[in-house]
Amino acid sequence: MAPLLPTCAILTLVGAAAAQNATSTLSASATVNGSLVANPSAFATALQVDVDDLWNLFVGPVSSADITTTVAPTPVPSSELIPPPPLYYSPFPSGQQVPVIAKNESWGFPKDFWWGVASAAYQVEGAVQAEGRGPSIWDVLTHRVTDFVADNSTGDIADNQYYLYKQGQQWRLSWLAAINIARIAALGVPAYSFSISWSRIFPFGSGPVNEEAIAHYNDMIDTCIQYNVTPMVTLYHWDLPLVLQNTYGGWLSENIVNDFVAYARVAYARFGDRVNHWFTVNEPIVFCDMYPLPANYFKNTSITALHQPFVCGQNVLLAHAQAYRLGKSMMPGSTISFKNNGGYKIPLTNSSADAEAVQRAWDFNEGWFATPIFLTGDYPASLKSFVSTFLPAFTEEQKTLINGTSDVFAHDAYTSQFYFAPDDGIAACIANSSNPLYPSCANTSYAYSASDGGWLIGPAADPGSPWLHKATDWVPAFLRYIQDTWKPPGGVAVTEFGFAEPFEYSKKIRADILFDPIRSSYYHDYLQAILIAISEGVNVVGCLAWSLVDNLEWSTGYTVKFGMQYVNLTTQERYYKASFFTYVNAFQQYLAE
Ligand code: GBH
């Protein structure tokens, strides 16, 4: 299929390439058309550029997989569906009883509870240059920015989901099925949450629509439905079209609002007849905190580095709110949510300073977005007193626009951590913008205080994910806190949770890799915690495990594994890990008929 592709965009080239040319030939001054220019690095030019030019200029050569056509499905062999032997979790009981582990008849996931697995486009799709996809900032980060990714890997091929979403590998080894959708369906997983690549639909971020990308996602959605897997779609999981970054600074510019809404409109119009569950943006805390992007590879900005995440956040709120309202008007029966992230925040001690640190941590993390979206249309007080020094206040109209724009509190809630006041106190920190904890001024730790023994909150994940510990005991309190604080109309959903088994990357024997005891106990205890929360009256409406396959773990490349399936990245074969059976088993036992 060829010429459905959009052909060109007009953009102004800035940043590394342009600046280097100018500065390498001209040092302190230069002549242009005979006149003297003081600052050659400020030269800019308007060029007609097509998608291939974009790749050549900003990314360079990319790799492609062995399989570059959509592979037809064959069944998963039943021998692969046998669960592993059980693990034993409880400590020894006190007293003399022999422990009996029985089904708890007062627990249950409600009938309409949605559960499944999640992924994101750049982490699994591969085929980055196929069928008209334009580059995103992540193609530049992985290809061009020195040492940005631990193992220098890229998403060029990843799990090749772009071609293997139905099936894979069968073309070469008739005894093995390696499918994304069919393999989750074979275990009875009823939902798959994936993200759409914005720069596939709009190679330049705005402007012409790429019909080949629409056809691809149409077929993915249809394949899900054919396998009785409910498709859930995230519009934005960090893969910003490069052109939008390099023309106006991406999320740092208000221009993003219209472009995001235009993209959402196309996605709703083309997929909304079959997709009812939508997430607008994934974890703005994370992608806004990536600003400033590494110098010299992207368009620069004069906005103070410390302010950039909050400028991004302001534009995210406006873009999300408009996309939500548009979606509800186009698809009245749909569920559309903002996807937030964070951990439960526990005061390290019972001091009032630590309690204040905890409140500030909520305000500067979940509350940054959740308070405007669920409660007031505006920021929480402590955050507002910081951002009001440089951001325009939301107008009444904007507050009304933003308030009430998420059906569910969709939370990527992997872990928990302790918070405490900085050594010199919160007030001194707030007064000192060079304090490394500024502006939240909440210090954090994954360990209990020394007087409480100094133990970690729970077993650590792989050292490549130092932020992640198994802290599942705190999950019921966490879910209750969200419900009580932000009162989401459609309940709370855990839209990502998962665990990086320590040192899995160093395991060389496949059978060892497939036995993942800490990840298994994480899922076991997490689901038990959700059951407890539900039994105590928290309206938990769904959960999505991260992830269905090992994938490109952003800046840690392929060295950190979150998959419930192992992927041999050479052959693209997939194998179920033990944890996948633990995950599925919870619903076999506790999902209401
Ligand atoms: C998820 O975010 C992402 O949505 C998903 O794409 C990713 O694969 C998954 O996590 C597993 O990592 O390194 O100390 O600076 C989870 C929330 C917030 C966790 C940012 C990592 C960086 C902490 N993430 N955090 S640190």
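How many bridges join β10 to strand β12, and in which sense do the two run? There are 4 bridges, and the strands run parallel. Keep in mind as you look around that this is a predicted model.

## A three-stranded sheet

Let's start with the sheet those two strands belong to. It is an open sheet of 3 strands, ordered β10-β12-β13, and its pairing is mixed. The edges are taken by β10 (344–347) and β13 (443–445). Each of these has a single partner strand, so one side of each is left without a neighbour in the sheet. On average, neighbouring strands here are turned by 40° against each other, ignoring direction.

To find your way in, look for β12 at residues 416–420. Its Ser 416 sits opposite Tyr 344. Then look for helix α13, which covers residues 352–364 and lies across β10 and β12. The helix runs at about 165° to β10.

## A strand tucked away

Next up is strand β8, residues 277–282. Is this strand buried or exposed? Of its 6 residues, 6 are buried, so β8 is largely enclosed by the rest of the structure.

β8 pairs with strand β7 (residues 230–236) in the parallel sense, over 4 bridges. It is also joined by 4 bridges to strand β9 (residues 335–341), and those two run parallel as well.

A handy landmark here is His 277. In another, His 277 stands opposite Thr 335 in β9.

## Two helices side by side

Now for a pair of helices: α20 (residues 517–535) and α21 (residues 578–590). At what angle do they pack? The angle is about 20°, and the axes lie 7 Å apart. Angles under 35 degrees count as roughly parallel, which is why α20 is described as roughly parallel to α21. The crossing of α20 past α21 is right-handed.

Which residues make this contact? From α20 come Arg 519, Ser 520, Tyr 523, His 524, Leu 527 and Leu 531. From α21 come Ala 578, Ser 579, Thr 582, Tyr 583, Ala 586, Phe 587 and Tyr 590. Sorted by class, the contact between these helices has 8 nonpolar, 4 polar and 1 charged residues.

Conventions. Residues numbered from 1 in each chain as written. Predicted model: local features only at pLDDT ≥ 70, side-chain atom pairs only at ≥ 80, totals over all residues. Heavy atoms only, no water. Pairing = 2+ DSSP bridges. Axes fitted to C-alpha atoms, helices over the stretch in contact; angles between N-to-C directions. Contact = heavy atoms within 4.5 Å. Parallel < 35°, antiparallel > 145°, perpendicular 65-115°, else oblique. Left-handed = near helix turned anticlockwise from the far one by under 90°. Nonpolar A, V, L, I, M, F, W, Y, C, P; charged D, E, K, R; others polar. Buried < 20%, exposed > 50% of the residue type's maximum accessible area, 1.4 Å probe, protein only.
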